[in-house]
Amino acid sequence: MLKTVQKLKKGLRGEITIPADKSVSHRAVMFSSIAKGECVIKNFSSGVDCHSTLNIFKQLGTNIEFIDEKTLTVKSDGNLRKSLSPLDAGNSGTTTRLISGILAGQNFDSVIIGDESLSKRPMKRIIEPLTLMGANIESVDGHAPLTIHGGKLRGINYSSKLASAQVKSCILLAGLKAEGSTTYTEPYVSRNHTELMLKYLEADIKTEDSSVTIYPSELTTKDISIVGDISSAAFFIVAGLIVQGSDFIIKNVGLNPTRTGIIDVAERMNGRINILDKRFESGEDVGDVRIQYSDNLKGCVIEGDDIPRLIDELPVIAVLASQAEGQTIVKNAEDLRNKESDRIKCLVSELTKIGIDIAETYDGFIINGKKNIKGGAELESYHDHRLAMSFYIAGLIAEKEIAINGFEWTKISFPEFEELVYNLS
């Protein structure tokens, strides 16, 4: 699907409610499926990835029914059952990595498959620590399909060189059924939705600095209300800051401190952002965010512990940086090369086509602003939803029309994206 985007003639105005957080939606279904009892999950994500998780747990014997399009009930006796067919994770790395931790401790074997893009994503990062716990996993040279031979696990003390919420979550979920305690330590604290939800569901879990320890636990069933996805809000945050005349409010944005890197960096760059009505729901911080056009943006350095707090937002941050005076340097983000695409290489290649001064480095990129975005080119999405939406935001201020090839991949995470743009324009 080829999508064309033209420069907006006026600012974005009004109010939108951002869709449900995908990370929390995945976990809500997973954790409720391994708890005993019945619960209601409100504001479930409409993204394809989250429905891959939902369908897999139906295959594994969980009773899941929708009350309406965003509300569902989950009934489980706390036990999963063997699926006679492979578990299709689609394009979802989150699904694949997190359920691997759950399935490794079951008393049956499972096969996880996915699409072509998912089959290129690295899985050694979970296979190695799970193997140390006693798991038996077969892969295709460290990639999906994965065959997981379920069995008894033992707790480990594991130090990761990578700050990854998916790897951390995988090991913690395996630790729920492992003998003894399991401690996971990372160089920086990555997003902590797993820790917060496990604590909310009364798992025996403790955190200290960048380490988290879990003990064998039975989860308590509770209703879960899912906050809005800040990674989805990021596209609108950037749009509001760079589209002249914009002033609008994004409702129900998750404000988990391990995810608010986009807000911190935007403020560091002199972006006009205000948090309204901050509150607490189902273990997570949430609030409304007001965004106003900012004509005095400044470049900055994004590195170190910034990165795990905004790794998914870096493509659209590159668009923001193109409108900031001076140089913006992104470092320590080499894991961008292991996403749905090599996001560093692909981002630099495509943004260069529309006149953005961006250069690739081995672990990030350097942008020289402030430059007008020329547009007048067809950009390739590389089957990557975040690249497609980032290019769309660039198109809102480009001098000439931009065409985006493969825009349908936005449905993976954010099918409401373009509709919400229209609601503000």
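The lining of the second largest pocket splits into 9 nonpolar, 5 polar and 4 charged residues (Ala, Val, Leu, Ile, Met, Phe, Trp, Tyr, Cys and Pro count as nonpolar, Asp, Glu, Lys and Arg as charged, and the others, Gly among them, as polar). The model is a predicted one, with pLDDT of at least 70 needed for local features and 80 or more for side-chain atom pairs, while totals for chains, interfaces and linings use all residues. Numbering starts from 1 along each chain as its sequence is written, and side-chain values rest on heavy atoms, with hydrogens and water left out.

Back to the second largest pocket: 18 residues line it, and Lys 7, Ile 242, Gln 244, Gln 323 and Ile 397 lie nearest its centre. A pocket here is an open set of points on a 1 Å grid over the protein atoms alone, with protein on both sides within 12 Å along at least five of seven lines, and a lining residue has an atom within 4 Å of a point; a cavity is a set of points where a 1.4 Å probe fits but cannot get out. The volume of the second largest pocket comes to about 350 Å³, a volume being the space filled by probe spheres set on the points, with grid points joined across faces, edges and corners.

The largest pocket has a volume of about 780 Å³. Its lining counts 39 residues, and those nearest the centre are Ser 164, Ile 311, Asp 312, Asp 335 and Lys 339. Helix H1 (22-33), H3, H5 and helix H11 (385-395) are the elements that each give two or more residues to this lining. Helices (H or I, at least four residues) and strands (E, at least two) are DSSP runs, numbered from the N terminus. H1 supplies the largest share, 4 residues. Sorted by class, the lining of the largest pocket holds 17 charged, 13 polar and 9 nonpolar residues.

The largest cavity holds about 40 Å³ of space. Around this cavity sit Pro 19, Ala 20, Ser 45, Ser 46, Gly 47, Ser 232, Ser 413, Phe 414 and Glu 416, a lining of 3 nonpolar, 5 polar and 1 charged residues.

Now for the helices. H3 (residues 93-103) packs on H5 (residues 165-175) at an angle of about 25°, and their axes are 6 Å apart. Axes are lines fitted to C-alpha atoms, for helices over the stretch in contact, and angles between N-to-C directions run from 0 to 180 degrees. H3 and H5 are therefore roughly parallel to each other (angles under 35 degrees count as roughly parallel, over 145 as roughly antiparallel, 65 to 115 as roughly perpendicular and the rest as oblique). On the H3 side, the contact (heavy atoms within 4.5 Å) involves Gly 93, Thr 94, Arg 97, Leu 98, Ser 100, Gly 101 and Ile 102, and on the H5 side Gln 166, Ser 169, Cys 170, Leu 173 and Ala 174. By class, the contact of H3 with H5 has 5 nonpolar, 6 polar and 1 charged residues.

Helix H9 (residues 314-321) and helix H10 (residues 343-353) pack at about 35°, with axes 11 Å apart. Leu 314, Pro 315 and Ala 318 of H9 meet Arg 343, Leu 347 and Leu 351 of H10. This contact of H9 with H10 comprises 5 nonpolar, no polar and 1 charged residues.

H11 turns up again in a pairing with helix H12 (residues 417-424), at an angle of about 20° and with axes 12 Å apart. H11 and H12 are therefore roughly parallel to each other. Met 389, Tyr 392 and Ile 393 of H11 make the contact with Phe 417, Glu 418, Val 421 and Tyr 422 of H12, and the residues of this contact are 6 nonpolar, no polar and 1 charged.

That leaves the backbone. Most residues other than glycine have a negative phi, and most peptide bonds are trans. The peptide bond from Ala 144 to Pro 145, however, is cis, with omega near 5°; Pro 145 is in the loop between strand E8 (136-138) and strand E9 (146-149). Gly 369 and Lys 370 are likewise joined by a cis peptide bond, with omega about -5°, and Lys 370 falls in the loop between strand E21 (364-369) and strand E22 (377-380). Asn 270, not a glycine, has a positive phi of about 75°, and its place is the loop between helix H8 (261-268) and strand E16 (272-281).
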